[in-house]
Amino acid sequence: MTTRRTSSSTSSHPSSPAAASSFQAEPAKRARCPACLRAVSSCICRWIAPVAHAVDVLILQHPLEAHNAKGSARLLHLSLPNSRMLTGEQFAPEVLAELLADKHNVLLYPDTPGDRSLGIAPPPALDPAILLDPARFLSRLRLVVLDATWRKSRKMLYLNPPLQQLPRLPLRDTPASHYLIRKAHAPDQLSTLEATCYALMQLEQDASRFVPLIAAFDGFVAQQLSYVMPHGEKA
């Protein structure tokens, strides 16, 4: 970025009216919460709802989601003790190999035939025993979640071949989304938090345990909606 050079009279005298006005116009850097990484004034830590879960969760977050105020992945990560979250679009194969080691990994992603046009091979089938008798597998399972828009998640899948080799867990018969702060492009699209909760409900066969986190998510959504002015402008 380039800037225009100021005259010597202004730049050499910081106490001049012009310099003082420029200095006062610069907004002060807002303090951020060290946990949720948001401005203290919009901290979401009160919505953290820790939930005990047996299946490990790996959240791979697209960089465009990292500072998106509407994103739910950070709240999800802070609420799931056995979760890990990394930000990036393309990960080095050795990094992914380390992240995916020592567990049976399942990718939370629908089987999309349109991916064949991108050169992505059909994923391996999910072992039906995982769903029929999950108690045998829970401690060995890791759920891999892509936190991104639909278009960006497809790109992440394309750029990271090791993810293409994972069996996929599609969600079925899920409730309508509570994600009122982002526009869905399909009726069955869910937030990252909702989708992960419903996947864990399915894998661990214990829906009631994750209900408090869904309820906390409703509070988070209500907080974000409170920042929206009547004419669609953020406060």
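Predicted model: local features only at pLDDT ≥ 70, side-chain atom pairs only at ≥ 80, totals over all residues.
Figure 1. With a relative accessible area of 13%, S83 is buried. The side chain of S83 takes part in a polar contact of 2.8 Å with the side chain of H77. The side chain of S83 also reaches the backbone oxygen of L80, at 2.7 Å. When residues up to four places away in sequence are not counted, S83 touches H53, V57 and H77.

Figure 2. I59 is placed in strand 1 and counts as buried, at 0% relative accessibility. Neighbours within four places in sequence left aside, the contacts of I59 are with A73, L76, H77, R84, M85, L86, V145 and D147. Between the C-alpha atoms of I59 and H77 the separation is 7.8 Å, and the two residues are 18 residues apart along the chain.

**Figure 3. The aromatic pair of Y109 and W150.** Two aromatic pairs are present in the structure. In the one shown here, the ring centres of Y109 and W150 are 5.3 Å apart and the ring planes meet at 15 degrees, so the pair is stacked. Y109 belongs to the loop between strand 3 (104-107) and helix 5 (129-132), whereas W150 belongs to helix 6 (residues 150-159); the pair therefore ties together parts that are 41 residues apart in sequence. Is Y109 buried or exposed? At 3% relative accessibility, Y109 counts as buried, because the limit for a buried residue is under 20% relative accessible area. W150 counts as partly exposed, at 39% relative accessibility.

**Figure 4. The salt bridge between D56 and K103.** Five salt bridges occur in the structure. One of them joins D56 to K103, with the closest N and O atoms 3.7 Å apart. D56 is found in strand 1 (residues 56-61) and K103 in the loop between helix 4 (93-99) and strand 3, so this pair ties together parts that are 47 residues apart in sequence. K103 has a relative accessible area of 25% and is partly exposed.

**Figure 5. The salt bridge between K155 and E89.** The side chains of K155 and E89 form a salt bridge, at 3.8 Å from N to O. Distant parts of the chain are linked by this pair: K155 is in helix 6 and E89 is in the loop between strand 2 (83-87) and helix 4, 66 residues apart. K155 is partly exposed, with a relative accessible area of 37%. E89 likewise counts as partly exposed, at 22% relative accessibility.

**Figure 6. The salt-bridge network of E204, D206 and R209.** Which residues are linked in this network of salt bridges? They are E204, D206 and R209. In the salt bridge between R209 and E204, the closest N and O atoms lie 2.8 Å apart. E204 is buried, with a relative accessible area of 8%, while R209 is partly exposed, at 27%.

**Figure 7. The largest nonpolar core and a separate core.** The largest nonpolar core contains 39 residues, and L141, L143, L193 and L213 have the most contacts inside it. At least two residues of this core come from each of strand 1, helix 3 (73-79), helix 5, strand 4 (141-147), helix 8 (192-204) and helix 9 (211-226). Helix 8 gives the largest share, eight residues. L193 touches S72, L75, L76, L213, I214 and F217, residues up to four places away in sequence not being counted. Another core, of 15 residues, lies apart from the largest one and includes L58, L96, I120 and L163.

**Figure 8. The whole protein as the setting of the close-up views.** The protein has nine helices and four strands, which follow one another along the sequence in the pattern α-α-β-α-β-α-β-α-β-α-α-α-α. Of the 235 residues in the protein, 39% are buried. Among the contacts with a separation of 6 or more, 76% are made by residues 24 or more positions apart. The protein exposes about 13700 Å², and carbon and sulfur atoms supply 57% of this area.

Note on methods:
Residues numbered from 1 in each chain as written. Heavy atoms only, no water. Phe/Tyr/Trp six-rings, centres within 6.5 Å; stacked < 30°, edge-to-face > 60°. Buried < 20%, exposed > 50% of the residue type's maximum accessible area, 1.4 Å probe, protein only. Salt bridge = Lys/Arg side-chain N within 4 Å of Asp/Glu carboxyl O. Contact = heavy atoms within 4.5 Å. Areas by Shrake-Rupley, 256 points an atom, 1.4 Å probe, with all protein chains shown as cover. Polar contact = N/O pair within 3.5 Å; in protein donor to acceptor, adjacent residues only side chain to side chain. Core = buried A, V, L, I, M, F, W, Y, C linked by side-chain atoms within 4.5 Å.
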